[in-house]
Structure formats: structure tokens, C-alpha cells
Amino acid sequence: MSEQNKRIIPLLPLRGLLVFPTMVMHLDVGRDKSVQALEQAMVDDNEILLTTQTDLSIDEPDIKDIYHVGTLAKVKQMLKLPNGTIRVLVEGLQRAQIERFLDNEEYFEVEMKVLNVTEEEDTEEKALMRTVLQQFEQYVKMSKKVSSETLASVQDIGEPGRMADIVASHLPLKVSEKQELLETVPVSDRLMKIIDILNSEKEVLGLEKKIGQRVKKSMEKTQKEYYLREQMKAIQKELGDKEGKGGEVEELREKIEAADMPENVEEKALRELDRYEKMPGTSAESSVIRNYIDWLLNLPWKSETTDRLDVNHAQNILDTDHYGLDKVKERVLEYLAVQQLTKELKGPILCLAGPPGVGKTSLARSIARSLEREFVRISLGGVRDEAEIRGHRRTYVGAMPGRIIQGMKKAGTVNPVFLLDEIDKMANDFRGDPASAMLEVLDPEQNNSFADHFIEEPFDLSKVMFITTANNVGTIPEPLLDRMEIITIAGYTEVEKQMIAKEYLLPKQVKEHGLTKGTIQVKDEALLKVIRYYTREAGVRSLERQLATVCRKAAKIIVSGEKKKVVVTENTVEEMLGKPQYRYGKAEEEDQVGAATGLAYTSAGGNTLSIEVSLAKGKGELTLTGKLGDVMKESAQAAFSYIRSKSDELQIDPGFHENLDIHIHVPEGATPKDGPSAGITMATALISALTGKKVRKEVGMTGEITLRGRVLPIGGLKEKAMSAHRAGLKTILLPKDNEKDLEDIPKSVRDGLEFISVSHLDEVLKYALVGEGNESKSNKS
Ligand SMILES: Nc1ncnc2c1ncn2[C@@H]1O[C@H](COP(=O)(O)OP(=O)(O)OP(=O)(O)O)[C@@H](O)[C@H]1O
């Protein structure tokens, strides 16, 4: 060891720290002696010996409290901090050993010698270096406390000693262990030690990891236990609340047992109740189950009313509730008579068919009243989803039973009169076929165990008396129609309407508006005026509405003190209802060229139909407008062809179909029209337009036309005749083959009209066109 290596130098004792050579580090220095030593160093050559205290708890260390091997370091920076301490930046240079302590009161001053390390190329060291590097890499990976930059800088180091020191400085070693490394001067020894340390560190880390996992697990466990405890608390709270639910459950159980349900339903209800009991009250499923139990409880499983099968009594009720409708009432009574004899209300289902407002619903209600049964009504109009009939399964959010079960709940008995309104308006689409579900409802073979998806248990509908209504029997699906007995209500004549208004509708409205006979009187002529000029319908619904308006106005007059009694006369109707809404007396104002009145039969009853033809110079185009159906269009074509073939006889220009454009229009274009019965009307209007002859305004006609001009029979004569009567026509031309239907027409209508039966278009023209010289009643039926 050369003398150069020895020198006198100030010493800075470090507490709990060790600076390896090549390390750059910040140190905060506060102790007096240390500050002095530093100041001395700054005066000298900025070099200082850094050694570590053996015991960091000692404030004023003595010689014996200091390791004797340390690091010669360069002070690179010195900074006085506000609190009086000094922050220095030092860089370790070399290992050094204290040779002796000099006698210095102010600071430690020592004679030291540098412990020189020979750095020669050594394969063993190289190998050790590699091992250190590998181990260090693994350690870095495991410990995650050393940055990747540090690792990269270590990987760059070429000198083994330096590598050993830098690695050592990054290991979490005790000061004593560091000191040992510092004192290990031979590089290969140091590397070996580092390898050992790295190995044991890795082991420790592995263990730490395992322990960490175990700790985590046990923490999770404790956490789980905590949650379980909390949950238990919640459950216990629920159970505590069960005082309430328990009471509720018991109450439900009693109700179920008292409900007289079929055995299977009761079992099911109790099973569901058990589930309900076990479920936390706040869960969504619990309310679903509760709802289900309520449904089971509220359905009439066995409760039944006793039928009053007394035809005379029924007749009384039907008569008190409804004016006229003799045939209908008779059929209903026959039906009930059979039931009275067989003591069973089975058999075909009644279907009351007819236009709106003719009393189908109120008739069904009267049937229920006469049988002393409950009455429920559901409307099937627009039902296109099978689930509306059968309900949704309980798993479906917001599931409900279908309309049938809802109706039964409303009825509250197993044997109500159940009106299925507008069965002809059910539609079917991708959501299933409600008609087939209805078939099950109406089939006496099947309906004792009707399956609703929501209720799940079969429900007995066999005691229900189903009555259906329809506006148009034609649109009822065939299999359903098969089960029904159709009772047609055609509509009312003027006289009948007058009677209904007087006897039923008006008294009802008077009462509803808080009036009395003493405060309002509606004269007969006034009623007739309302019927003729303010309504045009087969039934009496708008008549009832108009009468309600009259009553409302009267109530106002009386309340305002204007009058004590309101007498409605023909002249005062207009004051109350405004200007007349319909013309009465003739379909057309006057005899016209190119316009004829036909009679139509729609689901709203009979109606008059004005058919207009206009001609224009052109190329023989035939245009048809007014929302005409295919059959109606075809009959227009047939009329056209007939006229072409008979142009000579009809004295029409034979070339008309080439040089005239013909437009046939049927007004009220928004209403769809179809059927062949307008054939003769279209032909008449066409011929009138082509010949310039006028059509008599008081003539209405109906009949299909063939290419040879024959007139074929039509349907709905009764309704058509009634509508003609309503419209104030005088003469009706009808197909000869329909003569037999004349007897169905109410007498008052028959008496008010002249019926002429025709078998060929020639006859039609004879009576319909002005100036044909045959306006007498030659063919009157
Ligand atoms: N013959 C009648 N006698 C007494 N009132 C009648 C008669 N016909 C109908 N009404 C009354 O006319 C009103 C309409 O009748 P209702 O509602 O029964 O018609 P509806 O044929 O069922 O019609 P919709 O097919 O539109 O349901 C009711 O107030 C009913 O009491």
C-alpha cells in the first residue's frame, strides 16, 4: 500500500446511512462537529471521509461508535437550509480505512488510507457479474421497488466492483450488512456476497408474495365474514320485520284456505306463499309472487249465482229495457227456454250482429239481468296479440292475466254473462292468433280448463254465458262463426226511433241531466226533426247524443232562470242543436243528368249512395274513384260493356268509348265501398250522362248487373230499404229475386216506399229516367 494512499482528512459520521463508492447522494448535516468537518473539507480539496455510526441512536458518537472502513467522497454541493442544517451532495469515490484518529476537538479528523481495488479482466469475475446481473434482474422483477432505469444503468456497467457496489446500494440491506460489503474489498468476494444476498432477497420476496396472498385471502375471508355478518343482520332485520310479514303471511294463508279454491290451485297458492315468506320483502320477485297470490285469491273459483230461468220474467225485463226488437227478443227467449228445459246453459254462443248503436250491448246486459247473473263486457276490437286473451307468463316484466281472466275477476262469479264485444274486429299478426285463443274460450269441450299463461292453473269457464257482438259477421273467422248463433239486429225505422227516443232515451237523458217532466218537454215533431235532420244512422247512438245536447241546453236555460220549463218544438230544435246536419226528403236536390242514387249495405247498416258520371272529350278512358273495391270496379266495367253492346237501342253514339273519357265517382270517397249491388245504379248514371236524360231524384235502386243487362239479387234489402226511407226516397227498384225479402221490411217503411221489382236494366231505365213515360206504379210489389 503506497504512502500516497494515506492522508489526513475530516470525517463525517453518518447515522443509518452508508455511501458506496460511485454513489451520489444528498446528505443533511446538522451536528456541529459534522458541519465543522464539512467546512474543513470545503477548505481542503472538497474531499471527506464518510463512515457510518455503528449505533445510529447515538447523537455524539465517539471513535468506537464509528466503523473504521468508509468511503472517501467528494463534496459536490453545499446548501445551507433555513433550519440551520446543511444539505450536501456527495459522491462516493473510493473505499478507505481509518488509520488513526487525530486529536481534534472541533471535528473528527483522521488519517486514512484508500483501499485500492484492482480491476483486472477476470473470467471468474465476469461470470459472477453475469450471475449478479441475472439475479438482480429477477429481483427487480419481483420487488418492483427498483426502477427499470436503474436496472438499465446496472446492465450498462462494465466494471465488476462498481456493479457490486451499485447493486448493493439498491438492496434493502441493514447498515451492518452494507458495511460488510463495503469492507469486502476483493471484488469477486463482494460479487459472491451480493449473489448470496440477492438469492436470499428473492427467497424473501417469494415468501413475502406468498404471505401477501395468504394475508389477502385471510383479509378477504374477514371481509367476507364481515359482509356475511352484515347480510345476516339484514336478514335478521327482515326477520324482525317478519312480525309484519309474518302477520301478512298468516292472513294470506287463512284467506287462501277460506277461498274455496280447487285443490290444485290452493296447493299452488300455498306453495307460492311459502316462497313469498322466505323472500326478502324488498325483492322484486317478492312483489311478483304477492301479486300472483292476490290474483289467485281474487278469482271466482267456485262462487256462483243461481240462475233465474224464467222465460216470462226474462220477457218482462227485455221489454222494459228495449223497445221493439221483437224477433230478436223472441230468439233470445227461445234460447233461454231451451236452457230452462235442459237446466244447462250450454249450446251455441249468441252473436248479436248489427250496426253500431242498435242496442246489442244493452240487450246482453238485459239478458244478464233477466237471468240474475253478473255482467261483464270486454272489447275485442283491435286485439291482435294472443297474450291479450291468454295473458303473459309470469316471467315477463309487468305480466298480467289476459282479458278473459280479468273479466272473470271483475265478474266475481264463475257464471256471469260475458259479453265479447266486436269479435269481428280481432286481427291476427306475428304475435299469435287471438282468434284461436278465443276458440278455446268459446269451445264447451275445452273451456272448463282454460289456460291463462299468467294464472298457470286451469280455469273453468264452462259456466259462463258468452255473448258476442259483431258489426259485420262476414269478417268473423269461420271456426268461430261455427260456434255461434247469429241474431241480426238490422237497425231501426223512423217510427221505432221515435218510440225509442220517447220511451227510453229521452227519459234516461232527462234524469241524467237533473231535469224532470215538469221542467222539459220535447214534442213529437221535434223528435222527428232531430231524427231526420240531425242523425243518419241505423242505430240510435247519435240520436241519444243529440238528445243529451238538448237536455244540456235546457238545463242551462233553467239554471240561469231564463225559463221554468223548456218546451222543445219543431221550431226551437234549431236553437238548441244548430243548423240541420242532414238533408231529408230526397237523396238529390233535383232530377239530374249523370247522377243516380244507389243503396248500399255496410257494417254501419244501410246507406244511400250517390253515383256520379262525368264525360269529357278524350280517348275513351274509364276512371273510377271514391275508394271502390275490386268487385265494385268490375261491376262498373260490366255496366260499361253492356252499354257499348246496346248503344244503338239506347241511342248513344256508338263511338263514345273511343272519343270520350268517362269518370265514375262515388262521393264520400274516404269510406271504402264494395260489392256488386251498385251495378244497375252505375249503368243508369252512365246512360243518363251519355243520353242527357235526367234521373228521377226520388228513385233509389239496388241490383247487380250482368253483361246482358239482367238484374241479379242482392243482400241486405231490409237495411237498404230502411236507409232509403231515412233518406226520404219514394221509389225503390229492386231485383225481382229479392221480392221474397220484402216481408222482412218493417211495415212503416214498406208503407212509406214504392217497391218496384225489375229483372232487366231496360225496366230500371224505364222507371229511373225522366220522360220514359212509365212513372206509374205498374209493377208495384
Ligand atoms: N231497442 C232499444 N230500446 C231502447 N234503447 C235502446 C234500444 N236500442 C238501443 N238502445 C239504446 O241505445 C244506446 C246504444 O246501444 P248499445 O250501446 O247497446 O249499442 P250497440 O249495438 O251495442 O253498439 P256498439 O256495436 O257500437 O257497441 C244504449 O243507450 C241503448 O240503451
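Modeller: Please bear in mind that this is a predicted model.

Biologist: What span does helix 2 reach from its first C-alpha to its last?

Modeller: Helix 2 covers residues 123-143, which is 21 residues. At 1.5 Å a residue, 30 Å is expected. The span in the model is close to that, at 29 Å.

Biologist: Within what arc do the buried residues of helix 2 fall?

Modeller: The buried residues are E125, L128, M129, V132, F136 and Y139. An α-helix has 3.6 residues a turn, so residues three or four places apart point the same way. The buried residues of helix 2 line one face of the helix, because, seen down its axis, they fall within an arc of 105°.

Biologist: Which exposed residues does the face turned away from the buried side of helix 2 carry?

Modeller: On helix 2, the buried side includes L128 and V132. The face turned away from it carries the exposed residues T123, K126, A127, R130 and Q134.

Biologist: Between which domains does the ligand lie?

Modeller: The ligand is surrounded by 19 residues, the closest being P356, G359, K360, T361 and S362. Helices 11, 16 and 18 each give two or more residues to this shell. Two domains give residues to the shell, so the ligand lies between them: domain 2 (311-488) and domain 3 (494-577).

Notes. Residues numbered from 1 in each chain as written. Predicted model: local features only at pLDDT ≥ 70, side-chain atom pairs only at ≥ 80, totals over all residues. Near = placed C-beta within 6 Å. Helix = DSSP H or I, 4+ residues; strand = E, 2+ residues; numbered from the N terminus. Domains from an automatic or database assignment. Expected span 1.5 Å × (residues − 1). Buried ≥ 20, exposed ≤ 12 C-beta atoms within 10 Å, placed from the backbone. Arc of directions from axis to C-beta.
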